[in-house]
Amino acid sequence: MFTGIVEELGEVVALEHGADSARLTVHGPLVTSDALPGASIAVNGVCLTVVGEPTDGGFTVDVMAQTLRHSALGDLVPGSPVNLERAMAADGRFGGHVVQGHVDGTAVVVRREPGDRWEVVTISLPPHLARYLVPQGSITVDGVSLTVSALDDEAGTFSVSLIPTTLELTTLGRRAVGDPVNLEVDVLAKYVHRLLTNRNATLETPWTS
């Protein structure tokens, strides 16, 4: 589990595409400082598993076909910056919100509106995810925990307000209009929706005959 607080801005070293998968190597000295084979690291919001021993401040992960289909990782190239976050320690601070690293879909940056020291970024909202967003609710964009500052159901967009720290220390400060981003909606919203749409269903347990 993650919290959407990016620890480090890493860099793609290599992306090798296979027939239906890819192997991604990323430079990230901080997140690899205590990483072991099998550790979970979120790359632009996608939970991936470290393969082999991290070396020279870098780590390698395998990316399966489904992940490539449902995320923007396949668009990365050597030199691409990526947001990195290690799995949350049990005694760590819960700075963002519950983030699983399971991307629900991709979207594109629609508009950027600079402010005094902050910026409003408007992003397209896939119709199947619109039901899970509410104003002032949580959304994860490229692995960054953010608050929905505006929601336009008619236009099919939502907006987030980015402070200078987020602009400087994450990829969101570099995303141009038209660039793809990974989205993960609040898992609690998904559970609530599921419960409300199936509230007449009978709870079954393994020992029910």
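**Exercise 1.** Which residues line the largest cavity? Describe this lining by class and by strand.

*Solution.* The structure is a predicted model.

Step 1. Begin with the count: there is 1 cavity of 30 Å³ or more. The space in the largest cavity is about 40 Å³.

Step 2. List the lining of the largest cavity: Val109, Arg112, Val121, Ile123, Leu146, Val160, Leu162, Leu172, Arg175 and Val181.

Step 3. Sort these residues by class. The lining holds 8 nonpolar and 2 charged residues, with no polar ones. Arginine counts as charged, and Arg112 and Arg175 belong to the lining.

Step 4. Assign the lining to strands. At least two residues come from each of β7 (105-114), β8 (119-124) and β11 (157-162).

**Exercise 2.** How many bridges join strand β3 to strand β4, and in which sense do the strands run, parallel or antiparallel? Examine also the turn between them.

*Solution.* 

Step 1. Strands β3 (residues 40-43) and β4 (residues 46-55) are antiparallel and are joined by 4 bridges.

Step 2. Locate a facing pair: cysteine 47 in β4 lies opposite alanine 42.

Step 3. Inspect the turn. The two strands make a hairpin with 2 residues between them, and asparagine 44 in this turn has a positive phi of about 50°.

Terms used: Residues numbered from 1 in each chain as written. Predicted model: local features only at pLDDT ≥ 70, side-chain atom pairs only at ≥ 80, totals over all residues. Heavy atoms only, no water. 1 Å grid on protein atoms, 1.4 Å probe; cavity = no way out; pocket = protein on both sides within 12 Å on 5 of 7 lines; lining within 4 Å. Points joined across faces, edges and corners; volume = space filled by probe spheres on them. Pairing = 2+ DSSP bridges.
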